[in-house]
Amino acid sequence: MKNLLFIYNAHSGKGVIKSKLAEVIDIMVKAGWRVTVHPTQWPNDAAEMVEKEVQGYDLLVCSGGDGTLDEVVTGMMRVQDKKPIGYIPMGSTNDFANSLNIPKNVQEAAEIAVSGKRFACDVGRFNDDSFVYVAAFGIFTEVSYRTNQELKNLLGHAAYILQGAKSLMDIASYRMKVEYEETVVEEDFIYGMVSNSISVGGFKQIAGKNVQLDDGVFEVTLIKRPKNPLELNEIVTSLLTRVDNTDLIYSFKTERIHFYAEKEVPWTLDGEFGGIHKEVDVQNCRKAVDFMISV
């Protein structure tokens, strides 16, 4: 038998995993795995557990939301001998699971986690940190980590929309110089997103079409501050129709991008608070971690 480390967040997704634990572990054992179970105890516990213990295992399976997955991948990026990761999604949005076509059904996801095939996926390097599918700043990015867990569980996507609607009353902007490839852009931005995902914030194709999770490049979206209601409407229309016909939005692909801000900017990494930074270097680590996906 091979060894499997199962890390789960008991509080994600209304705590559903707690009622499914026996069934999930049974699926793992029947697939030929010797299972060690670890419920997360505090913030960053999953990252610390992976970094310290994963070398003694052949497979890591985690269950929780995007934040739990982010911690697991962060821990994995710190070790030399990386192990494949199976994922049983339990959050309110599960953006990355959607991108990997991992089902919401717990039993089906568990089967894939222990018996699927390996897929080598890109991972983002954010200064000295890591992220799985998105690093972002600006409007709407503070929504997910400022919305309390109970509200997220109760209202799901509606919680994000409600909190975001409050932010529309006062749109903050950040003066930044952005460098990528041979290009330099200096603007006031209300939003910026560096992503490797088909779905962000529960909205599919927000990063554009033809997104590949293993191509070594990010999809980048930068939105300039609108000067009047007409420009704001132009931005909203472009985002809703997915038609890039405005000069107010920069959309491009790159393997590395650097941000220089005049003042400190709060960032989110995979929907969780990623710190406040004046300078940020984001680099694509191509095919850095293997995930278990459907055969």
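This is a predicted model: local features need pLDDT of at least 70, side-chain atom pairs count only at pLDDT 80 or more; totals for chains, interfaces and linings use all residues.
Close-up 1. Asn101 sits in the loop that runs between α4 (95–99) and α5 (106–115). Its phi is positive, about 60°, although Asn101 is not a glycine.

**Close-up 2. Lys287, a partly exposed residue of strand β15.** Strand β15 spans residues 272–293 and contains Lys287. Lys287 is not a glycine, yet has a positive phi of about 50°. The relative accessible area of Lys287 is 43%. This lies between the 20% and 50% cut-offs, so Lys287 is classed as partly exposed.

**Close-up 3. Strand β12, largely enclosed by the rest of the structure.** β12 covers residues 218–224. Because 7 of its 7 residues are buried, the strand is largely enclosed. Phe218, Val220, Leu222 and Lys224 point one way from β12. Glu219, Thr221 and Ile223 point the other way. Residues of both sets are buried, Lys224 and Glu219 among them.

**Close-up 4. β12 and its pairing with β9.** Strand β9 (residues 183–195) runs antiparallel to β12. The two are joined by 6 bridges. Tyr191 has Ile223 of β12 as its bridge partner. Ile223 is itself buried.

**Close-up 5. β12 and its pairing with β13.** Strand β13 comprises residues 249–254 and runs antiparallel to β12. Here too, 6 bridges join the strands. Phe252 in β13 stands opposite Val220. Val220 is buried and points the same way from β12 as Phe218, Leu222 and Lys224.

Key: Residues are numbered from 1 along each chain as its sequence is written. Side-chain values use heavy atoms; hydrogens and water are left out. Buried means under 20% relative accessible area, exposed over 50%, partly exposed in between (1.4 Å probe, protein chains only). Helices (H or I, at least four residues) and strands (E, at least two) are DSSP runs, numbered from the N terminus. Two strands pair if DSSP finds at least two bridges between them.
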